[in-house]
Amino acid sequence: MKKYDVIVIGSGMSGMTVANKCASKGLKVAVTDDLPYGGTCALRGCDPKKIIIGA
């Protein structure tokens, strides 16, 4: 069984920020998400919406 210091639920901007900060401090980090890697904003929310509205 693998052991982690921190488990981050969600791979969006917030989750990845937390994961990277913890990993930079030497903690063993796992990231999990049941949807595609990248989170809502990048894949289905803010960014795609801005591009569509801009067009």
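These are my notebook entries on what I looked up in this structure, which is a predicted model.

**Entry 1: the chain as a whole**

I began with the secondary structure, and I found 3 helices and 2 strands in the chain. Reading from the N terminus on, I noted the order of the elements as β-α-β-α-α. I then looked up burial, and of the 55 residues of the chain, 24% count as buried.

**Entry 2: helix α1**

Next I looked at helix α1, which covers residues 13-24 and so has 12 residues by the DSSP assignment. From its first C-alpha to its last, α1 reaches 16 Å, and I noted that this is close to the 16 Å expected at 1.5 Å a residue.

Which residues of α1 are buried? I listed Gly 15, Met 16, Ala 19 and Cys 22. They lie on the same side of α1, because they cover an arc of only 130° around the axis. I set beside this the general rule that an α-helix has 3.6 residues a turn, so residues three or four places apart point the same way.

What do the buried residues of α1 pack against? I found that they pack against β1 and against β2, the strand at 29-32. On the face of α1 turned away from its buried side, I noted the exposed residues Met 13, Ser 14, Lys 21 and Ser 24. Just after α1 comes Gly 26, for which I recorded a positive phi of about 95°.

**Entry 3: Gly 15**

Leaving aside neighbours within four places in sequence, I found Gly 15 in contact with Val 8 and Gly 10. I also looked up Gly 15 and Asp 33, which are 18 residues apart in sequence and 9.8 Å apart in space, C-alpha to C-alpha.

**Entry 4: Val 29**

My next stop was Val 29, which is found in strand β2. Is Val 29 buried or partly exposed? At 23% relative accessibility, Val 29 counts as partly exposed. Not counting residues up to four places away in sequence, Val 29 touches Tyr 4, Val 6, Val 8, Ala 19, Cys 22 and Ala 23. I noted that two of these names, Ala 19 and Cys 22, had already come up among the buried residues of α1. The C-alpha atoms of Val 29 and Lys 3 are separated by 9.0 Å, although these residues are 26 residues apart along the chain.

**Entry 5: the segment before β1**

I then turned to the segment before β1, where Asp 5 is found. Asp 5 is exposed, with a relative accessible area of 52%, and I found that it touches Leu 27 and Lys 28, not counting residues up to four places away in sequence. Between the C-alpha atoms of Asp 5 and Cys 22, which are 17 residues apart along the chain, I recorded a separation of 8.9 Å.

Tyr 4 lies in the segment before β1 as well, the strand itself being at 6-9. I noted Tyr 4 as partly exposed, with a relative accessible area of 35%. Which residues make the nonpolar surface patch of about 350 Å²? I found that Tyr 4 makes this patch together with Ile 7 and Ile 9.

Terms used. Residues are numbered from 1 along each chain as its sequence is written. This is a predicted model: local features need pLDDT of at least 70, side-chain atom pairs count only at pLDDT 80 or more; totals for chains, interfaces and linings use all residues. Side-chain values use heavy atoms; hydrogens and water are left out. Patches are made of residues with over 30% relative accessible area and no salt bridge: like charges are joined within 9 Å, nonpolar side chains (Val, Leu, Ile, Met, Phe, Trp, Tyr) within 5 Å. Accessible areas come from the Shrake-Rupley method with a 1.4 Å probe; for residues, only the protein chains shown count as cover. A salt bridge is a side-chain nitrogen of Lys or Arg within 4 Å of a carboxyl oxygen of Asp or Glu. Helices (H or I, at least four residues) and strands (E, at least two) are DSSP runs, numbered from the N terminus. Buried means under 20% relative accessible area, exposed over 50%, partly exposed in between (1.4 Å probe, protein chains only). The expected span of a helix is 1.5 Å times one less than its number of residues. The arc is that of the directions from the helix axis to the C-beta atoms. Contact means heavy atoms within 4.5 Å.
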